[in-house]
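We'll walk through a couple of meeting places, one stop at a time.

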Amino acid sequence: MLLLIGKRLLSAIPSVIGVLVVTFLLTRALPGDPAAYFAGPAATPQAIAEIRKSLGLDKSLPEQFVVYVKDLARGDLGNSIATGRPVLEEVRSRLPASLELTLLGLVVSVGIAVPLGVLAATRPGSWIDHSCRVITTAGVSLPAFFTGLLLIYVLYYLLGWAPAPLGRLDIFNSAPRDITGLYLVDSLLVGDLETFWAALKQLLLPAFTLAVFTLAPIARMTRASMLEVLSSDFIRTARASGLSPGKVVYAYAFRNAMLPVVTTLGMVFSFLLGANVLVEKVFSWPGIGTFAIEALIASDYAPIQGFVLTMALMYVLLNLAIDVLYIVIDPRVGFEA
Amino acid sequence: MTSVPLLDVKDLSVEFRTRGGIVKALDRVDFSVEKGEMIAIVGESGSGKSVSAYTIMGILDPAGKATSGSAVFGGQDLLRAKESELRELRGREMSMIFQNPRVALNPIRRVGAQIADVLIEHGGVTRAEAPGRAIDMLKKVRIPDPERRAKAYPFELSGGMCQRIMIAIALACSPKLLIADEPTTGLDVTTQAVIMDLIAELGAAQGMSTVLITHDLGMAAEYCNRIVVMHAGHVVETAPTAELFNNPRHPYTARLIAATPRPTASLRGLASIPGSLPDLRATHIPPCRYSLRCERKTPDCDKPLPVHRQKDGALVACWNPL
Amino acid sequence: MSETWKHIRYVLTENPVTLFAFGLFGLLLICALFGPWLAPHDPLFTDAARALKPPSAQHWFGTDALGRDIFSRVLVATRLDLGIAFSAVILTFGIGAIAGIAAGYFGGWTDRVVGRIADTIMAFPLFVLAMGIVAALGNTVGNIVIATAIINMPLYARVARAEANIRRNAGFVEAARLSGNSEGRILFMHILPNILPILMVQCSLTMGYAILNAAGLSFIGLGIAPPTPEWGILVAEGAQYIISGEWWVALFPGLALMLAVFCFNLLGDGLRDMVDPRRRT
């Protein structure tokens with residue numbers, strides 16, 4: 001099994017190289033002359049040439065790529081023009097906020113979608129099956145930013161149940177001591193329940209927004225996979241052996257049905273990380289999505305590049321984690337040629 | 001035959017609701033199984049052999065429904081029993097094994113655990129004892145190195161091994177009735193005989209009744225004392241094995257015997273049965289569902305099907321028997 | 001042929017939802033084609049005196065902060081939103097389908113190159129990649145189309161590759177080859193028409209995603225510049241008024257967006273049932 005996991009880790013290398021090449025090309029595809037852009041509108045041709053040299057833009061593309069990768073290896077993602085700080089530092093300070101939101105979004109999404117899919121599959125044609133279909137179709141049709149706004153209007157403005165959509169904590173709470181950067185985890189680690197609840201309250205609405213957008217693929221896959229497994233030969237054997245319905249549905253059908261669902265999580269993460277940017281904007285969430293949007297508006301390219309690279313590497317890592325999980329839970333992996 | 005049969009199926013009809021209309025899969029099926037007896041149900045694919053078995057076990061697809069008849073097992077009518085009562089019987093009093101054993105086992109559960117599941121469910125075996133009892137069962141079905149094999153997954157075992165595991169699951173609680181649905185389909189020819197011998201031997205040792213469902217008349221003749229011949233949802237003939245071979249009464253049985261290869265027969269002598277099964281969705285299915293393919297058809301054959309019963313339990317449903 | 005029609009009729013009568021989707025599609029088409037003439041007000045006309053008025057008989061969807069009629073703006077935006085999505089889908093179809101068919105048909109290095117490119121695109125969270133592409137190529141509508149097309153490319157390439165691969169040695173392809181057709185001709189005249197229905201389903205399904213993607217990009221301020229009415233921007237403009245209770249500014253463009261995406265998703269599901277009876281759920 002360790003060998004398999006090792007092999008899978010190695011197979012991520014082409015993806016990482018692909019990501020590096022694309023992010024590199026994106027900066028080189030900047031409209032106009034980057035050197036002229038960085039030099040500013042009033043620069044003399046001489047100044048532009050100097051900047052071109054200092055940026056390494058006078059070298060050939062492959063050479064520039066090598067320099068780019070070397071810089072990355074040193075953790076140098078360039079500086080943000082807007083804040084003047086290194087992009088790596090900016091990203092590092094904002095990443096936990098995004099990560100916490102994304103992961104909670106996934107948990108909520110799976111927590112709703114999987115039971116929904118199972119119920120729909122075990123009662124085909126029932127009202128729960130039909131509502132599963134409606135919810136999933138509506139879910140993918142609702143733009144995440146729109147769902148977020150609707151939830152804010154109803155739960156914050158009309159009912160007053162949710163806190164103001166202004167970041168990770170309201171102004172009366174202070175952030176817990178920085179251990180992992182995830183407020184929920186940190187506040188629990190230091191035993192500060194009050195902050196934990198405050199952070200959770202802020203998180204729930206955006207996380208639920210993400211969940212609505214991403215539960216469709218999970219629920220659909222769960223339903224389809226459950227239906228297929230339930231009609232398979234080994235379920236017939238289990239029923240013929242008189243196993244209780246609970247045992248048949250959960251210990252036998254559910255575990256098998258989850259295998260294809262785990263593989264769709266890759267696509268779900270793609271959805272999640274993309275929608276995350278929009279949700280962060282709607283909820284004024286101080287994550288890397290908001291950071292990237294600010295940089296986009298200011299035409300500040302180094303942070304955008306850093307953002308795309310961070311998200312892509314995170315995505316590659318998450319996919320890797322999914323595949324490793326799959327190797328662990330499916331004993332057949334690696335035996336079928 | 002004065003004793004009460006272990007399983008008595010009478011007048012059993014099953015219909016399936018499908019998009020193309022209602023399919024009358026079984027029509028007034030009659031057969032019975034005595035204690036300790038091994039009988040065969042023989043017929044082509046689609047003749048209703050498996051549907052009969054599934055109905056008795058209560059694991060029929062929800063689209064199918066028994067519309068008439070009874071299936072009395074140990075004094076209880078299975079067709080009218082509650083699902084919870086049936087579940088108690090399944091695996092403990094009556095068991096079933098299937099074709100293609102490699103896909104009939106849970107692919108991601110160790111085989112020992114799958115046997116243990118049944119023991120825990122029915123056998124009053126505790127979780128701590130179950131693994132040891134599962135290994136005992138593996139020994140009983142003569143799996144070499146049972147301690148190691150108990151930890152294997154189905155994909156790591158051969159088809160023959162998987163069928164032994166299936167048998168171990170089915171016999172774990174010493175049931176009174178075993179239904180073996182084409183147990184050797186998908187296995188090597190050499191393994192087939194080994195599996196059949198194992199079923200026959202274990203059945204005899206436990207005094208268990210066995211219903212062998214097969215399309216192979218030769219195999220049925222080798223292992224069973226009585227044979228039930230089915231065609232298109234009808235039982236066309238039932239007779240003791242020797243009687244059926246020496247003196248088939250239904251034209252379909254005669255054809256089936258002629259189509260069964262035997263050491264003495266040449267390939268040229270081997271007959272095929274013309275035509276195919278009638279469309280069971282049709283609203284006007286002929287009373288005798290074989291009449292469309294039958295060379296002994298008479299004008300009487302369009303009248304309701306007669307059932308001639310003999311005193312020894314043999315039966316033939318035909319207007320113009322041989 | 002009559003079997004096909006029977007099947008289509010069966011799908012439509014069995015699934016009134018698909019019929020509803022077709023109706024909605026017709027409505028969207030009318031809005032896109034005739035929106036500017038149907039709009040009761042000039043979508044760009046500002047009037048401070050009637051700013052942020054809730055829906056009324058005069059202004060069905062209310063007015064925005066500059067007093068513009070939201071109904072007219074939502075209606076007129078249909079053409080731009082559908083136009084972007086449609087162009088993107090056509091572009092993806094052109095590139096993705098041909099690359100995929102070539103990969104499936106020729107195999108070998110063509111397959112490897114196409115597969116590598118598709119994998120590289122798929123290594124990114126798609127919306128994030130789209131952001132990066134628009135940021136790099138420049139903040140224009142055309143680049144939104146290109147970005148949307150690129151991120152959808154792998155889907156088409158994969159479907160087309162799989163289908164072409166199945167048909168590579170099919171009887172009719174073999175026959176065409178034996179009667180002296182060139183490889184290119186076989187690709188376009190024999191394989192492409194055969195897998196067209198499946199690709200059309202894919203088109204309908206990605207159309208919804210393309211609309212969402214384009215609206216998402218403009219929501220964060222990429223591509224379309226105000227005051228041009230576009231659903232994503234309209235929702236973004238309304239976002240700040242949600243917490244002060246002026247719900248109509250964001251709600252109606254959001255609903256239009258949702259309905260359009262919903263329509264194409266339903267349509268895609270319905271079309272798939274017609275084209276591919278096996279995968280009916």
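Domain bounds here come from an automatic or database domain assignment. With that in mind, select chain B and colour its two parts: domain 1 covers 33-64 + 81-93 + 177-282, while domain 2 is 101-174.

Before going on, some ground rules. This is a predicted model, where local features need pLDDT of at least 70, side-chain atom pairs count only at pLDDT 80 or more, and totals for chains, interfaces and linings use all residues. Residues are numbered from 1 along each chain as its sequence is written, chains are lettered from A and ligands numbered from 1 in the order in which they are written, and side-chain values use heavy atoms, with hydrogens and water left out.

**Stop 1: inside chain B**

Keep both domains of chain B on screen; their C-alpha centres lie 25 Å apart. Now show the residues in contact (heavy atoms within 4.5 Å): 18 from domain 1 of chain B and 15 from domain 2 of chain B. Buried area is the accessible area (1.4 Å probe) that two parts lose on being put together, summed over both. Between these domains of chain B it is about 1,400 Å², with carbon and sulfur atoms giving 63%.

Which residue forms a salt bridge with B:Glu201? Zoom in on B:Arg142: the closest N and O atoms of this pair are 2.4 Å apart. A salt bridge needs a side-chain nitrogen of Lys or Arg within 4 Å of a carboxyl oxygen of Asp or Glu, and the count between domain 1 and domain 2 of chain B is 1.

Next, select helix H2 (83-89) and helix H7 (189-206) of chain B, the elements that give two or more residues to the side of domain 1 that touches domain 2. Helices are DSSP runs (H or I, at least four residues), numbered from the N terminus. H7(B) gives the most to that side, with 8 residues.

**Stop 2: where chain A meets chain C**

The area buried between chain A and chain C is about 3,700 Å², and carbon and sulfur atoms give 79% of that. Look for salt bridges between chain A and chain C, and the rule finds 0.
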